[in-house]
Amino acid sequence: MMDLSLESVSGIFHFSPSYFSNIFKNYEGKGFSEYLMNVQIEKAQFLLRNTNYKVYDISEKVGYKDSTYFIKIFKREVGISPYKFRQISSELLKGETNQ
């Protein structure tokens, strides 16, 4: 998996990390780290709804090396654990198909 840190991405564009951070925030309205985390959580939600991957596999696929940290961040951002998210999503999907 490609390193998506502020330093690595700013290096691709040959900008200093602070300059890239300022440009990114002005354009996107939020910092690079916050934006990246939002993208990672959205992708994790998609994978939890649409695959049978284990949570630790999903954490790696979206860029978290430590699944415990991923679970903590997911719960903070979504309000429930990835396990509970998958369970609720599955129940909602079953309810839609039974109607």
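Predicted model: local features only at pLDDT ≥ 70, side-chain atom pairs only at ≥ 80, totals over all residues.

Author: I12, F13, F15, Y19 and I23 make a nonpolar surface patch of about 460 Å².

Reader: Where is F15?

Author: F15 is in the loop between α1 (6-12) and α2 (17-28).

Reader: Why is F15 called partly exposed?

Author: The relative accessible area of F15 is 33%.

Reader: How do you know that the length of α2 agrees with its number of residues?

Author: The expected span is 1.5 Å times one less than the number of residues. With 12 residues, α2 should span 16 Å, and its end C-alpha atoms are 16 Å apart, so the two agree.

Reader: Which residue follows α2?

Author: G29 follows α2, and its phi is positive, near 85°.

Reader: Where is S81, and why is S81 called buried?

Author: S81 is in the loop between α5 and α6 (82-97). Its relative accessibility is 19%, and buried means under 20%. S81 therefore counts as buried.

Reader: What does S81 touch?

Author: Leaving aside residues up to four places away in sequence, S81 touches F74 and K75.

Reader: What makes K75 partly exposed?

Author: K75, in helix α5, has 48% relative accessibility. Exposed means over 50%, so K75 at 48% counts as partly exposed. With residues up to four places away in sequence left out, K75 touches I80 and S81.

Reader: How far is K75 from I23, one of the patch residues?

Author: Their C-alpha atoms are separated by 30 Å, and the two residues are 52 residues apart along the chain.

Reader: Which residues have the most contacts inside the largest nonpolar core?

Author: That core has 13 residues, and I58, V62, F70 and F74 have the most contacts inside it. The elements giving it two or more residues are α3 (32-50), α4 (55-61) and α5 (67-78). The largest share, five residues, comes from α3. There is also a second, separate core of six residues, including V9, F24, F32 and L36.

Key. Residues numbered from 1 in each chain as written. Heavy atoms only, no water. Patch = residues over 30% accessible without salt bridge, like charges linked within 9 Å, V, L, I, M, F, W, Y side chains within 5 Å. Areas by Shrake-Rupley, 256 points an atom, 1.4 Å probe, with all protein chains shown as cover. Salt bridge = Lys/Arg side-chain N within 4 Å of Asp/Glu carboxyl O. Helix = DSSP H or I, 4+ residues; strand = E, 2+ residues; numbered from the N terminus. Buried < 20%, exposed > 50% of the residue type's maximum accessible area, 1.4 Å probe, protein only. Core = buried A, V, L, I, M, F, W, Y, C linked by side-chain atoms within 4.5 Å. Contact = heavy atoms within 4.5 Å.
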